[in-house]
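Colleague: I am new to this one and would like to learn how to read it. Could you take me through a few features?

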Amino acid sequence: MPTLPADTPDFFHRGPSPAARLVFFALLSIALMFLDTRFRYLEQVRQVVGVALYPVQRAMTLPGQAAASVAAYFASKRELAAENDALKARLAEVGAAAQGVATTRSENERLKALLDIRTRFGGAALAVQVLYTGRDAFTQKLVVDKGRDAGVAPGAAVVDADGIVGQVTRVFPYMAEVTLVTDKDHVIPVKIERGGARGVMAGSGAGRAPELRFMPPSADVRVGDLLVTSGLDGTYPPGLAVARVAAVERDTGQIFARIALAPVAGVDRSEQLLVLGPSAELPARPEEPASAEGEKKAGRSRLRRGG
Amino acid sequence: MAIRIPQFSPADPNEVLRPVKGWFVAATLLAALALNLLPLSGYALTLRPDFLALAILYWCIQAPRHVGVGVAWLMGLAMDVGDATLFGQHALAYAVLAYAAEYFRRRVLRFPLWQQAAQVAVLLAFCAALVLLVRVVGGAPLPRWTYFAPALVGALLWPPLSVLLQLPQRPVRTSASL
């Protein structure tokens, strides 16, 4: 019986075997992940694919918008009247407060001029709409409908009517990605409004309360205290509401108290957001002594990125 | 007058299907990608199946000459950008999924659709577990158990999806031939 020679040509030429392809693409993916996390070389690729995907993403927001507009069309007269009354009441409330703000602001301006303090936040802001919330189960991000084209810059603070929502972390030509304050890698320098004690708030991921870190057990923190941005990072303008203290657990055996927070902004609800303009440059940091230079620099740059 | 009649039942094992058209595969993959980009929230987001993984699985099993590891990998890259996630995590997961589908395809095809669905659930859960592994190694917090809910929902969608995607390949049955 004749045996086939070893170099018999294939009936069908199919290229490399699936296993070989799998190994090739798996190695490529791992290399990509490594490059993405360690060096951030791939932002250009991401930008290009992002622009190509943009029409699809926009198209997929249309059904939801259509459903919302149909629902709005059929909203009953009574609902509209009730909403109108509520809005009027809110307007009166806000109007009264706003008058106070105008006088306070002018007074503040004069005092600041006297003290020669820089105005850190000019008030330029851009209204954006949430396109969709992040689908990644591991991070807390959302995508908004304005990008570099509209002047959104990476690092800009994002707020809603009640307080800080997060920070712009990646900018595409027509969209921007916002990392929420509840993200595990997000840190904001805050201070307690009541006593002025400073601290940092760190997110803990989906479904977990953010924490106020590095506060000694003896710190003056009470449940219900409001935390505002301290502005020390040069990213968030000072004085914006961030969170309220939800629970304080003091264990003298531990170095730090465990303080759970609840964000005041509708971090996972708000649809309309405001991207704040860049805050004014902080004065340059004084020179560090040469010996501690390397260590200090690493710590500082981490803080500056806002986590 | 011959009228084309669509058949809403799984194909008979003896039925000879027509070859898959390349544009149809591409269109369904694009549609699946678009479905994955639907802006959802709340329960819908928790239960949202990975349509793209399902489509890749389906075509790797039914038409391995059209969709293989390479196409799956490219779709995964698109998904990574759309989801704003780590670059390469979906690409890796989909490439492995495509390989597993090619490896198991003859076995899967022997079973009726509802039994195929059980095997699909395992494959989708494996795909999700791979993403979980990559992210946890990268320092992400562990998600809640609902992380694996989409794999089950995807498996439930497998039988109707199979019938739907098979329609264009069914031999034309007209009213004249009845």
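Colleague: Which residue stands opposite V144(A) in β5(A)?

Modeller: A176(A) in β5(A) stands opposite V144(A). Before we go on, this is a predicted model, where local features need pLDDT of at least 70, side-chain atom pairs count only at pLDDT 80 or more, and totals for chains, interfaces and linings use all residues. Residues are numbered from 1 along each chain as its sequence is written, while chains are lettered from A and ligands numbered from 1 in the order in which they are written.

Colleague: How many bridges join β2(A) to β5(A)?

Modeller: Strands of a sheet pair through backbone hydrogen bonds, either parallel or antiparallel. Here β2(A) and β5(A), residues 176-180, run antiparallel and are joined by four bridges; pairing requires at least two bridges found by DSSP. Strands are DSSP runs (E, at least two residues), helices are H or I runs of at least four, and both are numbered from the N terminus. β2(A) is also antiparallel to β1(A), with three bridges, and Y132(A) is placed opposite V143(A).

Colleague: Are the residues on the two faces of β2(A) buried or exposed?

Modeller: K141(A) and V143(A) on one side, and L142(A) and V144(A) on the other, are all buried. Buried means 20 or more other C-beta atoms within 10 Å of the residue's own, exposed means 12 or fewer, and partly exposed lies in between, with C-beta atoms placed from the backbone.

Colleague: What is the order of the strands in the barrel of chain A?

Modeller: Six strands close in the order β6-β7-β8-β11-β10-β9, with antiparallel pairing. One example is β7(A) with β8(A), joined by three bridges, where A202(A) has E211(A) as its bridge partner.

Colleague: At what angle do α1(B) and α4(B) pack?

Modeller: Two packed helices are described by the angle between their axes and the distance between the axes. In chain B, α1 (residues 22-36) and α4 (residues 69-83) pack at about 20°, with axes 11 Å apart. That is why α1(B) counts as roughly parallel to α4(B), a label for angles under 35 degrees. Axes are lines fitted to C-alpha atoms over the stretch in contact, and angles run from 0 to 180 degrees between N-to-C directions.

Colleague: Which residues make that contact?

Modeller: L29(B), L33(B) and N36(B) of α1(B) meet M75(B), A78(B), M79(B) and G82(B) of α4(B). Contact means that C-beta atoms, placed from the backbone, lie within 7 Å.

Note on methods: Angles under 35 degrees count as roughly parallel, over 145 as roughly antiparallel, 65 to 115 as roughly perpendicular and the rest as oblique. Two residues are in contact if their C-beta atoms, placed from the backbone, lie within 7 Å.
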